[in-house]
2 protein chains.
Amino acid sequence: MIKKLNETENGDCSKEENGYPCLIPAQRILNLISKKWSIQLIHILHEGKVYRYKEIKERLQRGWKKEKISDATLSARLADLTKEKIIIRNVFPESPPKVEYSLTEKGESLSKAIKYLVDWTIGTCHQ
Amino acid sequence: MIKKLNETENGDCSKEENGYPCLIPAQRILNLISKKWSIQLIHILHEGKVYRYKEIKERLQRGWKKEKISDATLSARLADLTKEKIIIRNVFPESPPKVEYSLTEKGESLSKAIKYLVDWTIGTCHQ
């Protein structure tokens with residue numbers, strides 16, 4: 001039996017317990033990243049790019065064109081990533097309201113980690 | 001309208017067409033990686049590790065203990081990754097037969113790309 005990690009109320013944990021590394025937030029984020037289109041979505045917004053919903057959808061369709069992304073999925077994914085503070089949703093009080101999405105500082109750092117994976121997958125095409 | 005990529009019969013494509021990079025195999029692999037537990041599974045086997053089914057399951061449960069992985073899911077994921085030549089399944093003709101899983105050369109190179117992502121997610125715990 002592995003001893004339960006010393007979790008705090010918000011699900012964080014001490015760095016290590018009994019030599020076993022903390023993986024609880026890692027699990028939460030990996031589950032989010034593992035949801036379809038998350039990787040592509042983060043990749044599209046990297047390096048300070050700012051897009052409106054329609055632009056994001058168009059870019060996803062263009063880059064990964066064998067599969068369509070539904071509005072329900074794209075909205076859910078944007079909401080997930082916003083909740084996890086990876087994406088920020090900027091609403092401008094215009095009429096009609098203008099909404100733009102970009103990566104937070106945390107999201108930019110995640111996008112760098114994801115880039116290796118995206119580059120690897122693109123690279124496999126050309127071996 | 002974006003012109004269709006110049007695909008060959010097996011779904012490969014020329015490196016670039018009209019300045020647009022080939023992403024078709026990347027999409028197939030990202031879809032696979034995006035399936036639940038793929039990332040953790042590849043990560044567990046990295047650096048030449050060789051495990052039997054039960055050992056893999058135990059390590060997944062131990063590392064990501066808030067969620068259980070079912071046998072159906074784990075078997076499906078191992079089959080997916082074997083088909084994509086990321087994992088190799090070695091069967092030893094013993095009685096009862098012994099089956100071991102490890103990463104292929106392709107899988108090891110993918111595991112290196114994934115390591116940045118795993119390290120990032122573990123790192124977010126301790127900021």
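**Figure 1. Lys57(A) and Asp71(A) form a salt bridge in chain A.** In this predicted model, the closest N and O atoms of Lys57(A) and Asp71(A) are 3.1 Å apart. Lys57(A) belongs to helix α3 (residues 53–63) of chain A and Asp71(A) to helix α4 of chain A, so the pair ties together parts that are 14 residues apart in sequence. Lys57(A) is partly exposed, its relative accessible area being 22%. Asp71(A) is likewise partly exposed, with a relative accessible area of 40%. Side chains of opposite charge can pair when their charged atoms come close. Over all chains, the count comes to twelve salt bridges.

**Figure 2. Ala76(A) is located in helix α4 (residues 71–83) of chain A.** With a relative accessibility of 32%, Ala76(A) counts as partly exposed. Ser38(A) and Ala76(A) are 38 residues apart in sequence, and their C-alpha atoms are 10 Å apart in space.

**Figure 3. Three strands of chain A form an open sheet in the order β3-β5-β4.** The pairing within this sheet is antiparallel. Its edge strands are β3 (51–52) and β4 (87–92) of chain A, each of which pairs on one side only. Two bridges connect β3(A) with strand β5 (residues 98–103) of chain A, in the antiparallel sense. Arg52(A) stands opposite Glu100(A) of β5(A). Glu100(A) also forms a salt bridge with Lys98(A), in which the closest N and O atoms are 3.6 Å apart. Glu100(A) counts as buried, at 16% relative accessibility, whereas Lys98(A) counts as partly exposed, at 22%. The cut-off that separates these two classes is 20% relative accessible area, under which a residue is buried.

**Figure 4. The open sheet of chain B has three strands in the order β3-β5-β4.** Its strands pair in the antiparallel sense. Strands β3 and β4 of chain B stand at the edges with a single partner strand each, so one side of each has no neighbour in the sheet. Strands of a sheet pair through backbone hydrogen bonds, either parallel or antiparallel. Strand β5 (residues 98–103) of chain B is mostly covered, with five of its six residues buried.

**Figure 5. Strand β5(B) is joined by bridges to β3 (residues 51–52) of chain B and to β4 (residues 87–92) of chain B.** Strands β3(B) and β5(B) run antiparallel and are joined by two bridges. Tyr51(B) has Tyr101(B) as its bridge partner in β5(B), and Arg52(B) has Glu100(B) as its bridge partner in β5(B). Strands β4(B) and β5(B) also run antiparallel and are joined by six bridges. Five residues lie between β4(B) and β5(B), and the two strands form a hairpin.

**Figure 6. Lys106(B) and Glu84(B) meet through their side chains in a salt bridge.** The N to O distance is 3.7 Å. Lys106(B) lies in helix α5 of chain B, and Glu84(B) lies in the loop between α4 (71–83) and β4 of chain B; the pair links distant parts of the chain, 22 residues apart. Lys106(B) counts as partly exposed, at 25% relative accessibility. Glu84(B) is buried, with a relative accessible area of 15%. In chain A, salt bridges with shared partners join Lys35(A), Arg77(A) and Asp80(A) into one network.

**Figure 7. Helix α5 (residues 105–123) of chain A packs with helix α5 (residues 105–123) of chain B.** Two packed helices are described by the angle between their axes and the distance between the axes. Here the angle is about 175° and the axes are 8 Å apart. Angles over 145 degrees count as roughly antiparallel, and α5(A) and α5(B) are therefore roughly antiparallel to each other. The residues that meet include Lys106(A), Leu110(A), Ile114(A) and Trp120(A) in α5(A), and Lys106(B), Leu110(B), Ile114(B) and Trp120(B) in α5(B). By class, the residues in the contact of α5(A) with α5(B) are twelve nonpolar, two polar and two charged.

Methods: Residues are numbered from 1 along each chain as its sequence is written. Chains are lettered from A and ligands numbered from 1 in the order in which they are written. This is a predicted model: local features need pLDDT of at least 70, side-chain atom pairs count only at pLDDT 80 or more; totals for chains, interfaces and linings use all residues. Side-chain values use heavy atoms; hydrogens and water are left out. Axes are lines fitted to C-alpha atoms, for helices over the stretch in contact, and angles run from 0 to 180 degrees between N-to-C directions. Helices (H or I, at least four residues) and strands (E, at least two) are DSSP runs, numbered from the N terminus. Angles under 35 degrees count as roughly parallel, over 145 as roughly antiparallel, 65 to 115 as roughly perpendicular and the rest as oblique. Contact means heavy atoms within 4.5 Å. Ala, Val, Leu, Ile, Met, Phe, Trp, Tyr, Cys and Pro count as nonpolar, Asp, Glu, Lys and Arg as charged, and the others, Gly among them, as polar. Two strands pair if DSSP finds at least two bridges between them. Buried means under 20% relative accessible area, exposed over 50%, partly exposed in between (1.4 Å probe, protein chains only). A salt bridge is a side-chain nitrogen of Lys or Arg within 4 Å of a carboxyl oxygen of Asp or Glu.
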